Amino acid sequence: MAIKKNKTTAWPIVHKDMSKDGIELSFQANRQYSLAKDQYTATSYDDFMALSMAVRDRLVERWILTQQRYHKENVKRVYYFSMEFLIGRLLGSNIINLGLSKQINQVCSDLGLDLEKVRDDELDAGLGNAGLGRLAACFLDSMATLGIPAHGYGIRYDYGIFNQKIINGYQVEFPDEWLRQANPWEFARPEYTVKIRFNGRTTTYQDENGKTRTRWVDTDDVLATPYDIPVAGYMNSVVNNLRLWSARSTEDFDFQYFNDGNYERAVYNKVNSENISKVLYPNDNISHGKELRLKQEYFFTAASIADIIRRFKIENSDLKKLPDKAAIQLNDTHPAISIVELMRVLIDDHNLEWDTAWDITTRTFAYTNHTIMPEALESWPVTLLEKLLPRHLQIIYEINLRFLQEVAKKFPGDNGRLGRMSIIEEADPKRIRMGYLSVVGSHSVNGVSALHSELLTTRLFREFYELWPDKFNNKTNGITQRRWLQKANPKLSDLICSTIGDKWITNLYELKKLQPYKDNAAFREKWQKIKKENKKNLADYILKTTGIAVNPESMYDIQVKRIHEYKRQLLFAFYVISQYLKAKKDPSSVIVPRTFIIGGKAAPGYYMAKLIIKFINSVADVVNKDKAIEDKLKVVFLENYRVSLAEKIFPASDLSEQISTAGTEASGTGCMKFMVNGALTIGTLDGANVEIAEEVGMDNIFIFGNKTEEIEALRSRGYGPQEYINRSPALKEVFDLIRSNFFSPVDFGQFDPIVNSLVNGDYFFVCADFDSYCQMQDNVSRMYLNKTDWTKKSILNVSRSGKFSSDRTIEEYAKDIWKVPCKKQDRR
């Protein structure tokens, strides 16, 4: 075949052929020439690689053209700094965003390939823990779709979030070797490697103008090598960039040690340096883990700052104009050290005066907070900063001094306020409050739900809000419908498109047009059929992976999220036990058969969370083996919760459990993924639940429990959980059963720590909300019996989910914080 040449570049343009034949040609060419395989020797992974390369070829052309346009137009760019990017599998998303679904299906049919099996060969890129990393991935998708010039920056972890195995009911962690096979989506960029410094000391000197300057010397250096992943917008030829940094040593091998026979020491520097990007979230219960965590944060932010300035200088020379060309968004407090790094670069490397450098820095940075719990905000011992980043500690002290002078001027004589607001916590040892640093060093501070943002200004950062009220704003989180509805639930997506068109794919508010169809019996029947098929698919997966047979006709009652006490998996488990006891006494009292599905990972060093997993599995073991109630209740813990598994779970869900203690969940995005797939929500008025209730109305959501202000009142007057246990026969019975070792017949007292934590404190108010929760669950069961009304509510929930698209969230960031143009959403 004669390959056409582009007249201006002499590049082959065969990859611009988006036809079935063009893609099939690319598949065969990549399999033969890139992988050196044919139809006889190719493995299933080779087929995945060849198909991914065919798709990637079409991405790359748009990627290059996009980046060329950004440079030519010298646009202002958004830089999204995040320790996590839970991007999951990319083949399916890239096919959708390039508009190639029909052609790829035809190619697979012609070649005798099963597309689903091909996609299953892709490993999840687990470069994140839970909501924070998945939010970052959704935001990248939305930025590209809205045409915003944007770059994500993070770490290319060799091992992502661990693979979870459940062995004898316990969580056991195994390495997530997501890079053990070739990754078709990334491109190494060694030419942009950056040297990163640690340790050392500072010295002063006089510059040519007689000013005293500081040098950071005698450092231990590590190299940061970038790997790029293209991020496609939906059907708009925009392809942005996710740049992940990998650590390597400045000296891979020391021949002197090797020749002396000290083979381990010969590669010590290499191993020690590369540990920085080895694993997501080292165990920070130990000092070495804390040090490595801080190294990770500085490593990727310093490399990214250097990269941003390098790119800025291609078309610009005056660093005072940096805020006009760069907006850096901090995804939580983890990248906060980048504020100090930019100051260091501007002052030490470019000799700018402090006030000029600080003005540039604060106009460049914006900060998104993701937690209202003070103990969850990062803080670092001064001694650790002094060792690892001595120059940065000096700059932090200067930032704090000038900040406190501003506070003292605004609130004269209020010395207590100075101590409370200081970036330096005068504890033993002294610590750096990174959340406070983020607020001080940014021009914008936002929460991620209306309730969360209110709590930031009334509780966590109240005194900062009193100083700078205009700095604070809300940006309610969202999800990308292209991943969580179009890709995850193709049958429902097709039904929606055939009913109201496909504009919802880029404007989720279009789903409001579905609302009239809730009263259409034929449409409801199609809706119910799709839900049943999705439930059957999940039932097949559960049987295959756990050996547990579940009934697709039962209600799928699901809680999937990170295991943490504030998310209250214990409340869910206690309700399961109460229902089990109820069924044992009177099987007819269980009017709706339920399959309780739980999934999530516990941090390796979080003892109580791991014990909760064991407890849930012990409850499941008892319930599932009881033949007397096997047609009434089943309990399933799905191991290794991840993006690809979530895509199976959400479409099959009936009831979404969003039951965190009011005032603890910043937003939550799982609730939105359930909602857009037609699940109804049972939850507290916490996080985004508040706004979901506003959108759907209180008749179409199941709200229970104490509100935030009621929780605060209980805590302030002295909460006694025993009072609630004594007046709740059902709750008392649950506690008695656990104490009797009913769920731990071999290891007596195994779950005493759970009982003791609740009886002697119950910090997250499980006991206080238990009866209200059970009463609302009774309402759920009665409603579920009426399939017509339940389906109407399901359709209505989807039709009113428009607000919860990450496209809407990103549009608000672009308009209010970043000041960059983007495609507008029609919200009428």
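Biologist: Which residue stands opposite tryptophan 380 in β17?
Modeller: Strand β17 covers residues 431-433, and three bridges join β15 to β17. The two run antiparallel; strands count as paired if DSSP finds at least two bridges between them. Strands are DSSP runs (E, at least two residues), helices likewise (H or I, at least four), numbered from the N terminus. In β17, tryptophan 380 faces isoleucine 432.

Biologist: What kind of model is this?
Modeller: Residues are numbered from 1 along each chain as its sequence is written, and side-chain values use heavy atoms, with hydrogens and water left out. Local features need pLDDT of at least 70, side-chain atom pairs count only at pLDDT 80 or more, and totals for chains, interfaces and linings use all residues, since the model is predicted.

Biologist: What is the order of the open sheet of six strands?
Modeller: The pairing is parallel. β22 (633-638) and β25 (702-703) each have a single partner strand, so both stand at the edges. The order reads β22-β21-β20-β23-β24-β25.

Biologist: Which residue in β21 is the bridge partner of glutamine 559?
Modeller: Strand β20 spans residues 555-560 and strand β21 spans residues 594-599. They pair in the parallel sense over six bridges. The β21 partner of glutamine 559 is isoleucine 598.

Biologist: What angle does helix α24 make with β22?
Modeller: Helix α22 (residues 521-546) packs on the sheet, touching β20, β21 and β22, at about 70 degrees to β22. Contact means heavy atoms within 4.5 Å. Axes are lines fitted to C-alpha atoms, for helices over the stretch in contact, and angles run from 0 to 180 degrees between N-to-C directions. Helix α24 (residues 607-625) lies across β21 and β22, and its angle to β22 is about 145 degrees.

Biologist: Which residue in the turn of the β9 and β10 hairpin has a positive phi?
Modeller: Six bridges join antiparallel strands β9 (residues 201-206) and β10 (residues 212-217). Threonine 203 stands opposite arginine 215 in β10. Five residues lie between the strands, and a phi of about 80 degrees belongs to glycine 210.

Biologist: How far is arginine 89, the nearest side chain of opposite charge, from glutamate 122?
Modeller: Glutamate 122 sits in the loop between α5 (115-120) and β3 (125-127). Leaving out residues up to four places away in sequence, glutamate 122 touches Phe48, Arg89, Leu90, Leu91 and Trp185. A salt bridge needs a side-chain nitrogen of Lys or Arg within 4 Å of a carboxyl oxygen of Asp or Glu.

Biologist: Is arginine 119 buried or exposed?
Modeller: Glutamate 116 and arginine 119 meet in a salt bridge of 3.2 Å, N to O. They are three residues apart in helix α5, so about one helical turn separates them. Buried means under 20% relative accessible area, exposed over 50%, partly exposed in between (1.4 Å probe, protein chains only). Glutamate 116, at 45%, is partly exposed, whereas arginine 119, at 17%, is buried.

Biologist: How many residues apart in sequence are the parts that arginine 189 and aspartate 228 tie together?
Modeller: Their side chains meet in a salt bridge (3.1 Å, N to O). Arginine 189 is partly exposed at 23%; aspartate 228 is buried at 3%. Salt bridges with shared partners join Arg189, Asp228, Arg243, Asp307, Arg310 and Arg311 into one network. Arginine 189 lies in the loop between β7 (187-188) and β8 (194-198), aspartate 228 in strand β11 (residues 220-232), so the separation is 39 residues.
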